[in-house]
Amino acid sequence: DLIKYKSDLKNNNLSTIAVQYLYMRSFFPDYAIAKETQTAYTYYREQSKKYWLSQSKYMQAMIALALNRTSDATTAKAITKSLKENSINNEELGMYWKEWDQHGYWWYQAPVESQAMMIEAFSEIEKDPKTIDDLKTWLLKNKQTNNWKTTKATADACYALLLQGTNWLSANPSAKIEIGSITILSDEVDGTEIGTGYFKKRIEGDDVKPEMGNIKVAISPSPLTSSIHINTPTWGSVYWQYFENLDKITFSETPLKLSKKLFIEKNTDNGPVLVPLSEGEGVGGEVHIGDKIKVRIELRVDRDMEYVHMKDMRASCMEPTNVISQYKYQDGLGYYETTKDVSTNFFFGYLNKGTYVFEYPMFVTHSGNFSNGITTIQCMYAPEFTAHSEGVRVNVSK
């Protein structure tokens, strides 16, 4: 078609379909290219060597594999070198690319499938076990807080995790956890889940000591299986559960971080002005019945999460104006907001990495000294990701 319509063959005519064909064709090196397609094949192969930088990361990995399998290891290694230089390396999340956070709508922008393709490319071309393990780590951490949307994404991820790099399923590492003076060995805990190695240990309240705030974790090859150490990711959570007055609760964060503030909305000659409340009273004056209070919640999240619930408690002296439950959209985030007797709830089907601010108004209806409660947030898909704001009191004058 390019020749038929007299297109300039020196321009970048490389399409995603052509890249996919080159990748697919690389699986069959023993089958000769048909004479009627040899010209087109040679043309697009040369185009891929020349214009690979203009393609998405997903396509770049496909091009690298296609060229490496057809005796052009030099260009293939140049592509993987470029990919590695543009990657993000995180101690917890592993190795990935910033494009994964941009959530494109096209199939070649899908983060899970793209990451699986990267694992395949680096496994065949670079063959560095650490790089491959870092890439696989991101896939697992993504699954921790997100749902793999399609069967294609799940199949690609399983293919990458099970058939590329070292065999994590055969590793079965042993964990040694020191909590204060208590030592827990995973090999000695009853009820350890086969395959995942998951186990849980409960410590009664009477046995909890202040020094248990110092926790050390050491991972080593299991003496029951193998002496070969495989760099598998390992993670866990520690929960400290106890009762406390709401206004004495201190700030807490995980990858989720919450900050809640109350403001009095005052009318001035220059328009409405928000005056922040300090502990117990308003900085710009006392809080009175009839005052309009503006709640401001600032949420920071360092990774993509799905199925997240945020609950904002309020003092019993305040009544919100938003009483009708409805779906809302702001700053690229869609969520469902519903008001209950003692709290306002926010439900996020998908919470992208970033910072978000939520505001809603209330009116003061009673005088006295009240606990304003706290704001809590939790990923229902991974309950270990939870956080809450600090508790404060509100003093309303008669």
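Tutor: Tyr198 sits in the loop that joins strand 4 (182-185) to strand 5 (215-220), where helices (H or I, at least four residues) and strands (E, at least two) are DSSP runs numbered from the N terminus. The model is a predicted one, in which local features need pLDDT of at least 70 and side-chain atom pairs count only at pLDDT 80 or more, while totals for chains, interfaces and linings use all residues. Residues are numbered from 1 along each chain as its sequence is written, and side-chain values use heavy atoms, with hydrogens and water left out.

With a relative accessibility of 49%, Tyr198 counts as partly exposed, a class that lies between buried, under 20% relative accessible area, and exposed, over 50% (1.4 Å probe, protein chains only). Setting aside neighbours within four places in sequence, Tyr198 is in contact (heavy atoms within 4.5 Å) with Gly191, Thr192 and Glu193. From the C-alpha atom of Tyr198 to that of Ile125, 73 residues apart along the chain, the separation is 34 Å.

Turning to the helices, two packed helices are described by the angle between their axes and the distance between the axes. Axes here are lines fitted to C-alpha atoms, for helices over the stretch in contact, and angles run from 0 to 180 degrees between N-to-C directions. Helix 1 (residues 16-25) packs against helix 2 at an angle of about 105°, their axes being 10 Å apart, and this makes the two helices roughly perpendicular, given that 65 to 115 degrees counts as such, under 35 as roughly parallel, over 145 as roughly antiparallel and the rest as oblique. Helix 1 contributes Ala18, Tyr21, Leu22 and Arg25 to the contact, and helix 2 contributes Tyr41, Tyr44, Arg45 and Ser48. These residues divide into five nonpolar, one polar and two charged, where Ala, Val, Leu, Ile, Met, Phe, Trp, Tyr, Cys and Pro count as nonpolar, Asp, Glu, Lys and Arg as charged, and the others, Gly among them, as polar. Glu46 also lies in helix 2 (residues 35-51) and is partly exposed at 40% relative accessible area.

The axes of helix 3 (residues 57-69) and helix 4 (residues 73-85) come within 8 Å and cross at roughly 155°, and the two helices are therefore roughly antiparallel to each other. By class, their contact has eight nonpolar, four polar and one charged residues. Leu67 of helix 3 is one of the contact residues, and the C-alpha atom of Leu67 is 9.8 Å from that of Glu46, 21 residues apart along the chain.

Among the strands, six form an open antiparallel sheet in the order 12-13-14-10-17-18, with pairing taken to require at least two DSSP bridges between two strands. Strand 12 (326-330) and strand 18 (386-388) stand at the edges with a single partner strand each, so one side of each is left without a neighbour in the sheet, and the twist averages 20° from one strand to the next. Strand 10 (residues 305-313) pairs with strand 14 (residues 343-351) in the antiparallel sense over eight bridges, and His309 stands opposite Phe347 in strand 14.

Most residues other than glycine have a negative phi. Tyr307, found in strand 10, has a positive phi near 55° and is partly exposed at 35% relative accessible area. Asp331, in the loop between strand 12 and strand 13 (333-339), likewise has a positive phi, near 50°, and is exposed at 61%.
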